[in-house]
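Here are my notes for a first reading. Please keep the structure open beside them.

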Amino acid sequence: MENLTDEELMEFVVGGNLDMMHHLFLRYHIKIYNFCLQMTRDKHLSKDITQEVFYKVLKHRETYKQSKFSSWLYAIARNLCKDHYKILNKTQRLNDNDLKDSYKINDTRSESLGSIRQLNFALDELSDSDRELIVMGKYQGLKYHEIAEITNSTLGAVKTKMHRAMQKLKDSYFLKTKHHEL
């Protein structure tokens, strides 16, 4: 089964061979979990959303008409993250006190750990749509044309939005870094 494409496996699933879903799950569950984790910053919620993604794939398998399975899967994950995020209050995300406390790291790994945290804080300060683009493109390694398909946008629009989102991230990160050095 390893030599079958995602699309071929999904065609088996659509045709009623639900055992083939196991292979798709093995290929994608970690990637989807990591995507959800980057979007929600909540491990438990990300596990729940990941399970829900694969449940929805099975439930709505007859609607699969996409040329690329991974784009369809990420679109489902994206929509579920958005739905859950709307339900959750943004106060569950990092608040100002967490931000201040995070800079008080005193072990030998403090510099690199601090940089990672600063990057995550800068990422959290972006709008949901900017953060989503960066997570899909830079963390998940999706190509621009895949992101365009997932977000129902054009390739040119994705390139422009990604450039702007990356600039905002850089500005925010370096502002945090400068603030931390003071």
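This is a predicted model: local features need pLDDT of at least 70, side-chain atom pairs count only at pLDDT 80 or more; totals for chains, interfaces and linings use all residues.

Which residues in α3 are buried?

1. In α3, the buried residues are L45, S46, I49, T50, V53, F54 and V57.

2. Helix α3 covers residues 43-59, which makes 17 residues. At 1.5 Å a residue it should span 24 Å, and its end C-alpha atoms are 24 Å apart, so the two values agree. At the start of α3, D42 places a side-chain oxygen within 3.0 Å of the backbone nitrogen of H44.

3. The largest nonpolar core contains 42 residues. V53 and V57 are among those with the most contacts inside it, together with M10, I32, F35, F69 and L73. At least two residues of this core come from each of α1 (6-14), α2 (21-40), α3, α4 (69-87), α6 (110-125), α7 (128-139), α8 (144-151) and α9 (155-181). The most is given by α4, with 9 residues.

4. F69 deserves a separate entry. Leaving out residues up to four places away in sequence, F69 touches D6, E7, M10, L24, Y28, V57 and Y64.

5. How many disulfides does the structure hold? There are 0. The sulfur of C36 has its closest cysteine sulfur in C81, 3.7 Å away, which is too far for a bond because a disulfide needs the sulfur atoms within 2.5 Å. Both cysteines are buried: C36 has a relative accessible area of 0%, and C81 is at 5% relative accessibility.

How values were computed
Residues are numbered from 1 along each chain as its sequence is written. Side-chain values use heavy atoms; hydrogens and water are left out. Helices (H or I, at least four residues) and strands (E, at least two) are DSSP runs, numbered from the N terminus. The expected span of a helix is 1.5 Å times one less than its number of residues. Buried means under 20% relative accessible area, exposed over 50%, partly exposed in between (1.4 Å probe, protein chains only). A polar contact is a pair of N or O atoms within 3.5 Å; within protein, one must be able to donate a hydrogen and the other to accept it, and residues adjacent in sequence count only if both atoms are side-chain atoms. A nonpolar core is a set of buried Ala, Val, Leu, Ile, Met, Phe, Trp, Tyr and Cys residues joined through side-chain atoms within 4.5 Å. Contact means heavy atoms within 4.5 Å.
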